Structure formats: structure tokens, C-alpha cells
Amino acid sequence: TARSMLNFGLDDLRIVRPRDGWPNPKAVDMAKGAKRVIKAAKIYESLADATSDIDRLYATTARPRDMIKRVVTPKECVAEIQGQKQRCALMFGPERMGLSNDDVVMADAIVSVPVSDEYTSLNIAQAVTVMCYEWFSSFNGVDDGYGELKLATKAELSKMFEHLEGELDKAGFFKVADKRPKMIRNIRNIFTRGDLTDQEVRTLRGIIRSLSEGVLG
């Protein structure tokens with residue numbers, strides 16, 4: 001992964017809960033000439049922490065999911081990133097199991113690499129290489145400045161979700177405990193599909209607060 005990133009001019013690597021601990025001498029050895037990407041990698045305990053400053057998150061996965069989520073090709077993904085003028089990130093799952101549904105629900109869209117139906121599996125390095133190549137080959141010099149319209153960061157969305165889910169718990173909305181995780185994913189998915197701005201998130205939290213206090217009823 002580090003070698004592929006550096007091949008195509010990328011070096012911001014974030015790792016959530018490294019399987020074999022960190023720092024990892026084996027990772028450094030395998031990185032060859034891309035050791036600086038490994039040494040500069042940022043380590044996080046949770047996906048929420050790793051994406052707290054990200055405005056738009058793309059999940060790379062080939063598996064169908066039990067949720068409505070927009071699907072784009074690598075080329076379409078790169079075109080969107082270049083046009084956003086927001087902080088964007090690509091999310092890749094663990095080698096063996098891939099991304100969980102709880103991971104994918106935090107993404108704004110799914111990136112699916114067109115491959116043969118006979119064999120659809122890509123390992124992490126392969127998937128990273130495809131995405132980095134598309135970025136490098138399509139780069140057109142768009143700067144990284146923010147436009148006037150600022151999308152909500154993942155941290156802002158996470159706080160809104162916690163706020164909403166806490167009030168729903170108090171109201172007894174989740175009547176069947178076993179169904180709660182799936183219901184929460186569905187609720188979160190509704191909002192992550194919406195490209196909410198930071199102002200819209202503040203407005204929604206104000207609505208939640210007013211409803212919980214009975215101001216509107």
C-alpha cells in the first residue's frame with residue numbers, strides 16, 4: 001500500500017487498529033523505498049477518530065450491502081474528489097474480511113472496481129493501486145481550498161448521530177434491542193447520503209434539541 005501510494009504521489013496514510021501492532025518493522029521492510037509513508041502513517045483507535053476531519057469519505061468494497069448507498073467507479077470517484085474542494089478520503093478494509101457494514105455506513109459512497117465476474121476479489125494493495133493510479137492519471141491541478149459551501153466533517157456527523165440516537169433511546173424508539181444496530185445503520189445511512197453541510201448539521205441538532213425539550217409540542 002505504501003509503495004503504491006508513493007508511486008502516484010500520495011503520502012497521507014491513516015491506519016485504524018493495526019492488526020500486528022505499531023510500529024511494525026515488517027511493514028517498514030516491505031515498504032522498500034516508500035518507508036517514509038509508513039513512518040509518517042497516523043494510527044487511530046477508531047474509524048471515527050481517523051475520519052474526524054474528513055468531509056467526504058469513499059468506501060472501497062465489492063460486496064453487496066444491505067443498505068441503499070450510491071456506487072461509483074474509481075474514475076467517477078476521482079472526478080468527484082477533484083470537483084469537491086473538500087477534504088476527501090478513501091477507506092479500505094482489512095485484508096481478510098474487508099469493511100464491515102458499520103464502516104460502510106459512514107461513507108458517502110461506495111467505490112466498486114469493475115472486474116471480471118469470474119473473480120472479483122482484490123487485496124488491499126491492488127485496490128489502493130487502482131485508486132491511486134486513477135487519481136494520478138486524472139489529476140488536473142485543482143487546488144485543495146474550500147469553497148464557500150462547506151460539507152459537514154465526519155466528526156460533526158458523528159456527534160449529531162450520537163445526539164439523535166441518545167434522544168431516540170430516551171423516547172423508547174428502539175423497542176427491540178436486537179434490531180437496534182441495524183436501525184441505527186439505516187438512520188445514519190439516510191443522513192450520509194445527503195451531503196449535509198456544517199450549517200445543516202447545526203440546524204438538525206437544534207431541531208433534535210427542540211423536540212427533546214418539547215418546545216415544538
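Author: Residues are numbered from 1 along each chain as its sequence is written, and side-chain values use heavy atoms, with hydrogens and water left out. Because the model is predicted, local features need pLDDT of at least 70 and side-chain atom pairs count only at pLDDT 80 or more, while totals for chains, interfaces and linings use all residues.

Reader: Why is the contact between Lys42 and Asp12 called a salt bridge?

Author: The term requires a side-chain nitrogen of Lys or Arg within 4 Å of a carboxyl oxygen of Asp or Glu. The N to O distance between the side chains of Lys42 and Asp12 is 3.4 Å, so the pair meets that definition. By this rule the count comes to 16 salt bridges.

Reader: What makes Lys42 and Asp12 a pair that ties together separate parts of the sequence?

Author: Lys42 lies in strand E2 (residues 42-44), whereas Asp12 lies in the loop between helix H1 (2-7) and strand E1 (14-16), so the parts tied together are 30 residues apart in sequence. Helices (H or I, at least four residues) and strands (E, at least two) are DSSP runs, numbered from the N terminus.

Reader: How do you know whether Asp55 and Lys150, which form a salt bridge, are buried or exposed?

Author: Buried means under 20% relative accessible area, exposed means over 50%, and partly exposed is in between (1.4 Å probe, protein chains only). Asp55, at 3%, is therefore buried, and Lys150, at 28%, is therefore partly exposed. The closest N and O atoms of Asp55 and Lys150 are 3.7 Å apart.

Reader: Why is Arg56 called buried, and what does its side chain contact?

Author: Arg56 has a relative accessible area of 3%, so the residue counts as buried. Its place is in strand E3 (residues 56-60), and its side chain makes a polar contact with the side chain of Asp195 at 3.1 Å. A polar contact is a pair of N or O atoms within 3.5 Å; within protein, one must be able to donate a hydrogen and the other to accept it, and residues adjacent in sequence count only if both atoms are side-chain atoms.

Reader: Where is Lys35 found, and how exposed is this residue?

Author: Lys35 is found in helix H3 (residues 35-39), and its relative accessible area of 32% makes Lys35 partly exposed.
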